[in-house]
Amino acid sequence: MNKHLIRVFHGVKSSMNEGNISHKTRDQVLKVTKLALLFLFVCLWEATAALSYSQVTKLNLEMNGTILQVLNSIESQSEFTFVYKLNEVNLDEKVSVDLKNKSIDEVLEVLLRNKSLGYKITDRHIVLFKKEEVKQQSQPNMIVTGTILDDFGEPVIGANVLVKDQAGIGTTTDMNGKFSLDLRDLKSPVLVISFIGYTTQEVVVGNKTTLNITLKEDSKALEEVVVIGYGTNSKRNLTSAVSTVNAEKMKNVPVANVTDALAGRATGLIVTSAGGGLNKQSTVSIRGGGTPIVVIDGFVSEYNDFVNLNSDDIESMSILKDAAAAAVYGQRAGNGVLVVKTKNGLKGLRVDYSFNQSWSEPTYLEKKLDSYERASFDNTVRNLYGLEPRWTDEEIEKYRTGSDPYNYPNTDWQKIMLRNLTPETKHSLAVRGGSEFNKYYVSFQAYDQKSMYKADTEWFKRYNVRMNEVSEFKDLGLKLTFGLDGYISTMQTPRSQYSTGYWQTWGHIQNQGPMGLAYNKDGQIYVGYDNPVAEVSSESGYFKFDNKMITGLFNAEWNVYGVEGLKVKVGGNYRFGMYDTKEWNKTAPQYDLEGNKGPDFPVSLQYTTSNNRMWTMQYFVDYNRSFLDETHNVSTTLGYEQSYAFGRGFDAKRKNYVFMIDQMGAGPSDTMENGGNEWERGSAGLVARASYNYKKKYYIEGSLRHDGSDLFPKDRRWGNFFSGSAAWAVSEESFFRPLKERNILNFLKLRASYGQVGMADVSRFSYLTSYGLTERGYVLDGKIVPTFSEGALISDDITWYTINSTDIGFDFNTLGERLSGSFDYFYMKTTGFLTSPSNVGYADPLGLSLPKVKSNGEHRRAGYEFNLSWKDHAGDFNYEVGANFTYFDQLVAVAWDEDLANQKNPYLRAVQQTGYYGTGYTNQGYYQNSDQTLNLPRRDGSSNLVAGDIIYKDMNGDGFIDGADQWRIGKNSFPRGNYGIYANLSYKGFSANILFQGATSRDMYIEDVVRGQSTGGYTMVYPYQLDYWMPDNTNAKFPRIAMNSSVNGNNNYVTSDFWLVNGRYIRLKSLQFGYDFRSVLLKNIKWLYKCQVVLSGQNLFTISPATKYGFDPENGSTNNYDYPMQRVYAISLNLGF
Amino acid sequence: MKLKNIVSLASLLLLLGVASCNVLDTQPFETYDEATVWGSKSTADAFVTGTISNVMYGYVNGNQTTWEERTGNAVHSNGGIGFVREQMDRYSGDGGLGDFGNIRRCNLIIEKATEYTGQGLSDADSKDLIAKGKLLRALLYYRQARTMGRFVWVDRVLAPADTASNGMMMPTTKTTTESYTYILNDLDAAIPDLPTSVKAGELSRNMAYAFKSEIALQAAAYETDAAKKKEWLKASIAAADAVEGASLGTSYGNIFNEKDPYSSEIIFAIYRDKANTNTDAIAPLQNVMPNTNNDNLVKNGCGPLFQTNGGQPFIGWLWWAPTQNLVDGYDVIDEAIGQGVVWYESTQFKNNVTLVQGSAPDWAIDQEKAEVLFYGNTKGDKLINELMYSNRDARFYDTFVYDGTTWWNEDIHLTVNGNLWRKVNGGLGPHMGLTNYYWRKGVYNVEPRVLAGTPTNYHYVVTRYGRVLLNKAEAILWLAGMGEGNYADAVAICNQTRTVHGKLPAKQVNSLEEAWKFYKQERRCELTMENDYYWTLLRWGKHGGYANNGVAPGGKIAGFTEIPTYVEIKNDRKSFYVGKVTHGDNDIREFREDRRYLLPIPQGQIDRNANLGPQNPGW
């Protein structure tokens, strides 16, 4: 591949030495200002003066220096842009010019006189080339025009179009992505199209006069801008562990919130679902840590604001994984940082609308046994124990035939309660536009999610709005950013005496037997406790929450006049959040078979409302400068940040409603209750960062945060967190050139970092003494009186503690930049945990926990992660395949809150152990005969053991099985290895994105109903539970059936590894298949630049041992007491105007 | 804009921002410091009240039901529990060792009351507070003493500094004598300064005496030194005698329900207000109410149908039901002799019922025939429920729901296919009693019925005059056995509860043995569901002899191994049988006398602090 290095200079972005330049004329300033105003109000770019720009524009140049410096000067005075090939053009020649009020032609004539350079002006683009190479062959007229679009059908503005091996012929695309080139003198010309952020493409012109070219985004391009803490950087220059998520790939994924879309999409990011359900969030972890902090548009934000983001608004998202990247956030950054930048405007106008309709169904929802099966089974079991049959043959026959449905019902609760497919819809509208001076982005999104409950009493809705506006006063060097971000999310879910949420309702859908009735003959809800139909009925009550947030932010950036590279920034945001709930607890009336109304349950109403105000202010100074033609590159940041929050909440309640009106005033006034509270919190920090690189070859960077938190007593509030990192771009060394030229290894960078971030795991104001008041403590003489309690002992010796984080890694790309990847090893050592010594030693008689102090506890987490991707094309077929993998494990090296007695027990202790599930007995299968039941040691408390019961191992060999034999069992419940495997394919208008995601081994403990056990007797719910031990089924999944689980002293159901199920899985997480009708059918419709239809699916299939028990490995409950994980099918329409 | 101006503006902004306020000086908005709490009597009282609540709840609610199911008085409808089969181990001790948080509260009262004397508290205030602190400390430790016999005695507020040189590795008391000495000393120290006239629910001098009468009795049972034993027995009697102003309530049942919550008999009760109490928070209410409805009745051919509440007056979450064994203790007035006798020995019963021992009636279903101990058929048109349940001890009617009674305005049929029959829902199992009896004692008349989520007032009777009298009676019997005093005094006391509460004729007793028998029957009937019988059986086992069916002291206790029984009455009420409750192995009952008199000190705790050992014998 013939690689061209193309340098595009933009006046504003230039980092070259400007030399001596004269001031702009008054005329020019006026013109620019007028234009800017026009852009601001019309928001349309109009190239009215374009054709004559080169003639109209007059330049003033009076300087001595290199040609390069002169060109820079021209660029800074005008809108001209120079395009040239670095290896062809030598701009280091010294020249001396003194020109006043000359046109560009006149200037270049003088400048390039006697130099071996020619030029060609196309509008504002000037191509420089080696003069003697210009061919003078005579060929027929051939003007080629074309349009350059990106993957999404958006025009690529300012892309370079050069002719291969032909110096001096080239142009750039206009606002509509169009270009026009005169190729008349050329023999079989080949166009080379390039643009930053895109893969350079070569196109054979042949006989075509019109070309439509799609530029492929070059996601692994090293120059990709990455948002980091308090700034940005390029991938090439990163010395720390930062991975990015491609937000575009999440666009059509049918998920309720951004957390659900993240799994498998970035190295180091571990996302685990905890079941389905409306507004349910996935757990996000960076390298196995706890919930990370989130930074949105430069400000540390509430995690909830991240969850509720409109994912279409995300321009880029970075994951700061090591201390080198995260230390600038100090003591809050212990679990890593998610940095999100939202979209901004662009020149011109673009309107994007997308509509997404999806339908979901449970990934796994095991069908239950019906009445006939249950009744037959009842008799089988009773027969086993020599008991009278529970059901007569006639009764069983009635269950089988359904001939007497009200006395012998066969209720399919799942069918009665649940939809087959649950709809969700999403509308997104985004308008981007602006001018050179002013750019804006406005978006709106509406999301509507329904529930699996047929009753339609549960739903979730969210509305997002965002406005980002940037104004640039170029002559002042001032950039102002304003942003407004808001959302309202509302959810309603049923409430009744029987249920306060999924745990109960899903429990009842499962646990209600088929022999129970849902409705009576008149279709009224049948009486009986825990009837799930009543729970979700529209006649029952509801719980409604309403979460409203609005954040405004501003940022002013000023390029300090006269000091190249120095920038002063002042920014701030203000967030107002409101959270309201209303709970109308009412139970739908229920009726017996005769139509008699069942009992009325008490009805109550409760409101809670809380609001909070938070603000952050930031003052920063940045200095970025390159010296000696990018030999020495320096970047520094210094700043101060502080934030404060205040909140207030109220609640009010009335009970025992007589009038069924869900309003406070309608309730009995003698049952009024209310409460309220206020709180505040504050934090502040000084941030410093400096980095230096030599020729982009040797990098060194350091950062520091002096961080303050009000969690600690006054003299212990401030902490210092630092990091240092270094990198070596080996591929930039001269000895590497042969490898590079042969495309064996195009790029290789080695990185290493070390640093400290903080943890502050302590409750608020624990350094102050306080007694607690219980409002309704006790009853004296029939009156409720308050009572006091002593608060916790004062912890006045507490402060932040630290995570020492080391990261070593490398980034590479090879085979002509087609294969790229990176690898990191990380090691985090957390020391100095705050803990009460009562957790370790015996201090029980104190009666309270000893105050928290810093301990010498040490926790280690280490692991590795890598990603690989292969990106290429074959003709119009573009493809990218890749994978990422993150593995970690952790252990407590020095215990800080484990009891000493436990620590001394090598079989029980948690210290010095990598992941395990917990403690319990170790099973050895089933007793298969009475000899075994008599001769093997038996658990203390187990009795009446027979064949088919579980044998436990006498771990310590003392002949007894008791608490001392409960050793560590199983594997960690949080998966240690997580991976994603993806493929992104496109061919002309077609595109496909495939993502597999998975997790390695982890243990899940299955609970009583799934075990087929309940305190009341055996509970057979599912067909797979019929695989229980029998003399002819000795290798069964479940132990023998007993009439009552306590019949053998609960032998089979004590905690043991018998009931652990491996929850490892791999699933087709996301599949998208799209077609853009614009590519063929609607090609000629000018006002439409995109008309794409995407079919997608989420969680389409899963392979996991857990499915043997009928549930998804990511379900929220191993007893199915939760809304199940969903498989989603969706269709999206994306229109661009 | 001039450079200078911009720089000045920026610097100004920066300064303003940094200096505007110190965002780190935040504070909690609602706090109560030590001086606020201890600086006045009313706030200090609120601390004491909180401590009363913490300590005294340990005597009630679930405790009444769980300790009762560990005796022959009650069975759990799901099946027998591991405890009665000796299936607990030394790790899962049930003795409640520790509770140091509440010990700290008691000590804090004692110390702060002293410290703040003259600083908001008067001498009298201080004395009152200290007395209450000591009383609560004694009552807290008594709960540990009666389960494990030993505890960790902490008599001051410990500070973090006390961790130095292993100061927190405190030992347990070595003997029950040592334990009870601490407790009784605290009680004696508290009594003089305790108030005599108090609000319902508050600590009083009477309450301290009432507890002392029982604590001294329990202490004496575990005491091996005869002189000490006598001393404590006498202390028990003295304490009982010191109770002033209390009297036996004339309507026994009303003491425990909404009709007489402030009865003159109640010495201490814990009250609940419906403002923050629902029926489901009260175990002896919610968990003794059966659960069925008319549809179940129809489906299973049972009746009569319920008339109220849409056919669903009974939708509780029953776990516990009383046994026939307990019911047997409530005498019937013999129509011939006018004296109370066991129901199956009354003249009216004998004359009208043919009793057959050891075999089952033909109407009993095959699978249950082996359960039958004896059965009977009436002669003529006599009904069995009338013969069994008429003219009984008045406490029987206040304690049980039985066949033929009215409950919640419904006619209750506890016959085969009756409306609250044990198998009315199709089989034995959760939420229906296994015995064809239900608890009525302690069940409030909640409007419209006992239903989860329904607000109700409630009161748990912790101690009362009847209990104090019986404590005294037992002390007298012990002393009589040791040659001091006269058992007749005990008989007289038993006749007080028997006549006033039971409305039975006084009983004539002619020997110490008979006196014990009478007393044992009286105590079991009088104090059922009041968290008493379990501890009383232990005392009787320690005493042995007459107190324990002739078994030597420290032997097996028959009361723990008796097989619970139920009654099954044919639906024509002409025939009945009494059978063993075998559901869920309820009939398997064991008692290991080598260890069960004291429960284990949780081994996990001894592993942490060896000074808590040695482990109690047998564990």
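How many residues of chain B are in contact with chain A, and how many of chain A with chain B? The views below start there.

**View 1. The interface of chain B and chain A.** In this predicted model, 95 residues of chain B are in contact with 97 residues of chain A; contact means heavy atoms within 4.5 Å. The size of an interface is often given as the accessible area lost when the parts come together. Here about 7,400 Å² is buried between the two chains, and carbon and sulfur atoms give 59% of that area. Buried area is the accessible area (1.4 Å probe) that two parts lose on being put together, summed over both.

Residues are numbered from 1 along each chain as its sequence is written, while chains are lettered from A and ligands numbered from 1 in the order in which they are written. Local features need pLDDT of at least 70 and side-chain atom pairs count only at pLDDT 80 or more, whereas totals for chains, interfaces and linings use all residues; side-chain values use heavy atoms, with hydrogens and water left out.

**View 2. Salt bridges between chain B and chain A.** There are 5 salt bridges between the chains. The term means a side-chain nitrogen of Lys or Arg within 4 Å of a carboxyl oxygen of Asp or Glu. In one, the side chains of A:Glu790 and B:Arg104 meet at 2.9 Å, N to O. Several elements give two or more residues to the side of chain B that touches chain A, including α1 (3–20), α3 (41–56) and α5 (100–115) of chain B. α1(B) gives the most, with 9 residues. Helices (H or I, at least four residues) and strands (E, at least two) are DSSP runs, numbered from the N terminus.

**View 3. B:Asn206 in helix α8.** Helix α8 of chain B spans residues 205–222 and holds B:Asn206. Is this residue buried or exposed? B:Asn206 is buried, with a relative accessible area of 18%; buried means under 20%, exposed over 50%, partly exposed in between (1.4 Å probe, protein chains only). B:Ala242 is 36 residues away in sequence, yet 7.6 Å away in space, C-alpha to C-alpha. A polar atom of the B:Asn206 side chain lies 2.6 Å from the backbone oxygen of B:Glu244.

**View 4. B:Asn548 in a loop.** This residue lies between α20 (533–543) and α21 (558–561) of chain B. B:Asn548 is buried, with a relative accessible area of 4%.

Terms used
Polar contact = N/O pair within 3.5 Å; in protein donor to acceptor, adjacent residues only side chain to side chain.
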